Amino acid sequence: MPDNSPQQALFHHEEPAPQGPFVKVAIERGIDKLASGADTLTYRDPGLDLRPGDMVEAPLGKTAKVGGVVTQAGGPELLGHLSPAKVRPVLRKTGGRIPGSLLELATWLARYYASPLGMALATVTPSAVKKQTGKRTRKALEPTGAEPTERLPPKTREVWERISGLDREMFPVEHRVLAEAVGATSVGPLNRLVRLGLLREVVVERVTSRVRAPGGDAGVDVAPELTVAQREVVEGVCLALGGGLGGFGVHLLRGVTGSGKTEVYLRVIERALEGGKGAIVLVPEIALTPQTSGRFARRFVSHGVAVLHSGLSAAERHRQWAMIASGEARVVVGARSAVFAPVADLGVIVVDEEHDGSYKQDQAPRYNGRDVAIKRGQLEGATVVLGSATPSLESWANAHTHSDFWTLWELPDRVGGGVLPPVKIVDIKEEHRIAHSLGRKGRGAIGPTLAAALERTLKEGGQAILLMNRRGHSTYIGCASAACGWVLACDDCDASMVLHKDGRIRGGESLRCHHCQSEKLLPPACPVCSRGLIRLGFGIQRVEEELRGLVDLASDEVERVDSDTMRTAGHYFRVLDRFAKGDIRLLLGTQMIAKGLDFPNVRLVGVVNADTALSLPDFRAAERTFQLITQVAGRAGRAEHAGEVIVQTASPESDPIRAAARHDFLGFVRGEMSVRSACGLPPASRMARIVVRDQKAERAEAGAAALADLLVSLSPPGVRVQGPMPCTITRIADRFRWEVLLIAPRAGLIQRVLGEARARGELVSDARTAVDVDPVALM
Ligand code: ADP
Ligand code: ZN
Ligand code: ZN
């Protein structure tokens, strides 16, 4: 073996040289701070037979131990200029091995989202898996493969013959189970076979958890016959499901709510399974109800369906993960992070409601599950299906320009000839005038038109869903005296606090900041002038009070659904159950209720205030408003009853609201796309946003200014740098916030500029600096 390193001279030529093996390890905490520019550290393999993907613990600095993942294994060539004597050994293996394809995906994730490799690798594996939560080891038996060389006693021979007749698939198997399988009354004969060398004892690992994920109702469901339109999509998508790298393609399925998209997913997955391939289905966290996951679980009982969402215990998450890794489950239904599920031989990835903002992770690495799904499909030759009634403008644009591997499919009609419900826009200012003329005092959140429709629907035995997308009771507390003008704001944020009614605390009311989550009690009077306080602005709790006074329903027939009442997934599932049974007649909720629910008796959908999203200073405000109204409107009239939708707004002329009322996706997209193009905003461009946070305003500004200068100096022509400028919310959690935007015609240019800045050690992802590639929230 060639080796000219000077150290060689120190050893006698017959002594073994310290040639390793050596490994490169990506340290989990992210080693941006090590300022080496490299993403990995080098260690010696102390005989653990380490391979790329192995999760390990390694020493760092004088005393620290850190988790990491082996990215490369080899000989002295990994050392570079390091002296072998200085290279310390890995301490131990901690978990399983990340498959090669996921290692590659993590590498891409780190580069694309400008994040340390260790952080990207940590994202690919849930911590319950790294910590092996819930793992138990048991002893089990398996045949050694040897044949008896001597005559066996009759009883033992009988047991041995039965064992030989068993399916090889069932080994290794626990003693007791094997004894039962061969009809032995004790494990005695088995132990004899072990002593004779015919069976051997092995240790098997199993993951157990006490609380299981809800699997949906038992039973198998029968697939309906596809409609002509559905069949065309299924056949078209499956053409590409050939296998090998040829299987990659992205299919954007735009289908109105209730058009049978889910049935299309099910059929495509069925084909993949028939071909021996596995599948991942991503759904927005909140849509991960037993209603959705149960549909997949029932259809694919025999292939095994794993469910992954944030409501699982660590042990249950690990158990589901282990089922996937072992191949016991070939279909995974899960929220964002399920895109990293270790499904072998992946055939299909479905991303339902692909436009949904919850696919974006709001901590580093700030990845978008939908975009990772596309990359994973490309790396593993899998077919990617993106479905939505309201595709994101990004996907819509991709489907029209990258036509080499993007295909657009449409399901314009509801299954069974159902029509989309008529949507009525009501001007809330006009409603207030009418209410006033009817002699009503004060300004309620529910105008006369919506109130009348609600009364009619309930009287006729129907159910109703109302959307109010703002948490809390009153959104603004201030001094009653306009001359004083005091407004209650969060101490640590540049934002007003929201009054929440909360039966669990004394006084029943508290103030909460929706940005830093801090809480405080309501002061008895204005701290400046001692006059009384007034409560303005409607939150969902206040709307609930108004509704309960308005409708003639028992108190448990009305239910509010928001993140305050639905503390766990279990709460939410129970409410949906009661709604499905008809025990709840009126459901009032935040956007939690806008997605995926399919209840046939919902005859009225009301949007209490369509302007909450519209008024946000974000270039996607119109798009979000259009999506939200369209989605929630889709909850109405899903069966024989004609549905009805009422949208209350102070901007009845606004484009997204009018387009949603006409069910006019194409019209909306045409208008909105031309606005984006004119302003050079995504999807007409690509964007990265960097926010610098600091307790001192000047330091935040100076940091952002230095970053902007750096990015300008690195940017090729065509790349724009905007800023430094203060963020919309200038301070959160006692940190001032300044931002810089990088805007480029192509994603590759963004990666080049950010990659160069990172390589120089001048752009570091840490508590102070947040890098967000393809941002979805710009506050
Ligand atoms: P989407 O996902 O587009 O909202 P779904 O797949 O949930 O639509 O379908 C809406 C309803 O129509 C569901 O109740 C589903 O069971 C039913 N459905 C879907 N496809 C068919 C079909 N081909 N024949 C009969 N019913 C169908
Ligand atoms: Zn705050
Ligand atoms: Zn005052």
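This is a predicted model: local features need pLDDT of at least 70, side-chain atom pairs count only at pLDDT 80 or more; totals for chains, interfaces and linings use all residues.

Colleague: Let's start inside: which residues have the most contacts in the largest nonpolar core?

Modeller: A nonpolar core is a set of buried Ala, Val, Leu, Ile, Met, Phe, Trp, Tyr and Cys residues joined through side-chain atoms within 4.5 Å. Buried means under 20% relative accessible area, exposed means over 50%, and partly exposed is in between (1.4 Å probe, protein chains only). Here the largest core has 116 residues, and Phe340, Val372 and Leu754 have the most contacts inside it. Helix H1 (residues 100–112) supplies the largest share of this core, eight residues. Another core lies apart from it, with 27 residues, among them Leu226, Cys238, Leu273 and Val348.

Colleague: Thanks! What is Leu754 in contact with?

Modeller: Contact means heavy atoms within 4.5 Å. Leaving aside neighbours within four places in sequence, Leu754 is in contact with Ala114, Ala688, Ile690, Leu711, Leu742, Leu763, Val771 and Val773.

Colleague: On to the metals: which residues coordinate the zinc ion (ligand 2)?

Modeller: Donors are N, O and S atoms within 2.8 Å of the metal (3.2 Å for Na, K and Ca), and sites may look incomplete because water is not among the atoms. For ligand 2, the zinc ion is held by the SG atoms of Cys490, Cys493, Cys513 and Cys516, at 2.2 to 2.3 Å. In sequence these donor residues are spaced C-x2-C-x19-C-x2-C. Cys493 lies in the loop between strand E17 (474–479) and strand E18 (498–501), and Cys516 in the loop between strand E19 (509–512) and strand E20 (519–520), so the pair ties together parts that are 23 residues apart in sequence. Helices (H or I, at least four residues) and strands (E, at least two) are DSSP runs, numbered from the N terminus.

Colleague: What is the geometry of that site?

Modeller: Four donors count as tetrahedral if all angles lie between 85 and 135 degrees; four count as square planar and six as octahedral if opposite donors are over 155 degrees apart and all others between 65 and 115; anything else is irregular. The site of the zinc ion (ligand 2) is tetrahedral, with angles of 106 to 114° among its four donor atoms.

Colleague: And which residues coordinate the zinc ion (ligand 3)?

Modeller: Its donors are the SG atoms of Cys479, Cys484, Cys526 and Cys529, at 2.2 to 2.4 Å, and they follow the spacing C-x4-C-x41-C-x2-C along the chain. This site is tetrahedral too, with angles of 97 to 113°. Cys484, in the loop between E17 and E18, and Cys526, in the loop between E20 and strand E21 (533–538), are 42 residues apart.

Colleague: Is Cys484 buried or partly exposed?

Modeller: Cys484 counts as partly exposed at 26% relative accessibility, whereas Cys526 is buried at 2%.

Colleague: Now the sheet: in what order do the six strands come?

Modeller: Two strands pair if DSSP finds at least two bridges between them. The six strands form an open sheet in the order E15-E25-E24-E16-E23-E22, with parallel pairing. Strand E15 (423–427) and strand E22 (558–561) stand at the edges with a single partner strand each, so one side of each has no neighbour in the sheet. E22 pairs with strand E23 (residues 586–589) over four bridges, and Leu588 in E23 is the bridge partner of Arg560.

Colleague: Which strands does helix H15 lie across?

Modeller: Axes are lines fitted to C-alpha atoms, for helices over the stretch in contact, and angles run from 0 to 180 degrees between N-to-C directions. Helix H15 (residues 540–550) lies across strand E16 (463–467), E22 and E23, at about 160° to E23.

Colleague: Last, the backbone: which peptide bond is cis, with omega near -10°?

Modeller: Most residues other than glycine have a negative phi, and most peptide bonds are trans. The bond from Ala364 to Pro365 is cis, with omega near -10°, and another cis bond joins Gly723 and Pro724, with omega about 10°. For phi, His663 has a positive value near 55°.

Key. Residues are numbered from 1 along each chain as its sequence is written. Chains are lettered from A and ligands numbered from 1 in the order in which they are written. Side-chain values use heavy atoms; hydrogens and water are left out.
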